[in-house]
Amino acid sequence: MKSCLFVVLAVLFRVTFLTSIDCEHCATKVKENVSFEKGVKDLKVSVPDKTVTITFDSSKTDTLKLEKSIKKLGYTAKVVEYKQIVKK
């Protein structure tokens, strides 16, 4: 009997959304809610740029789910950058 070993590699992506956030209260609201979404590894909010940048595990979530989680808080969210993270 042969045994097989399967390795599942998590593929990380980074997506940046242009949003309607306009104050630190908005930034805190996004950080406190979206950072706990399944698969989110890192989240950065820039109030001056009105952006939310999220690094996530693509086996656990996707861009559409993350966009919906921002919109559910009452903000707009449009993808302006999306790329795979390559670990060296």
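This is a predicted model: local features need pLDDT of at least 70, side-chain atom pairs count only at pLDDT 80 or more; totals for chains, interfaces and linings use all residues.
Let me start at asparagine 33, which lies in helix α1, residues 24–34, where helices (H or I, at least four residues) and strands (E, at least two) are DSSP runs numbered from the N terminus. Asparagine 33 is partly exposed, with a relative accessible area of 37%, on a scale where buried means under 20%, exposed over 50%, and partly exposed in between, using a 1.4 Å probe and protein chains only.

Residues are numbered from 1 along each chain as its sequence is written, and side-chain values use heavy atoms, with hydrogens and water left out.

As for the overall layout, the protein has two helices and four strands, and from the N terminus on these elements run β-α-β-β-α-β. Of the 88 residues, 38% are buried. If we take contacts (heavy atoms within 4.5 Å) with a separation of 6 or more, 66% of them join residues 24 or more positions apart.

Serine 69, in helix α2, residues 63–71, gives a local example. Serine 69 counts as buried because its relative accessibility is 6%, and, leaving aside neighbours within four places in sequence, it is in contact with Val34 and Glu37.

Turning to charge, how many salt bridges does the structure hold? There are three, each being a side-chain nitrogen of Lys or Arg within 4 Å of a carboxyl oxygen of Asp or Glu. One of them joins glutamate 67 and lysine 71 at 2.8 Å, N to O, and both of these residues lie in helix α2, four residues apart, about one turn of the helix. Glutamate 67 is buried at 17% relative accessible area, whereas lysine 71, at 42%, counts as partly exposed. Aspartate 42 pairs with lysine 44, their closest N and O atoms being 2.5 Å apart, and aspartate 42 is itself partly exposed at 31%. The side chains of lysine 83 and glutamate 81 meet in a salt bridge too, at 3.7 Å, N to O.
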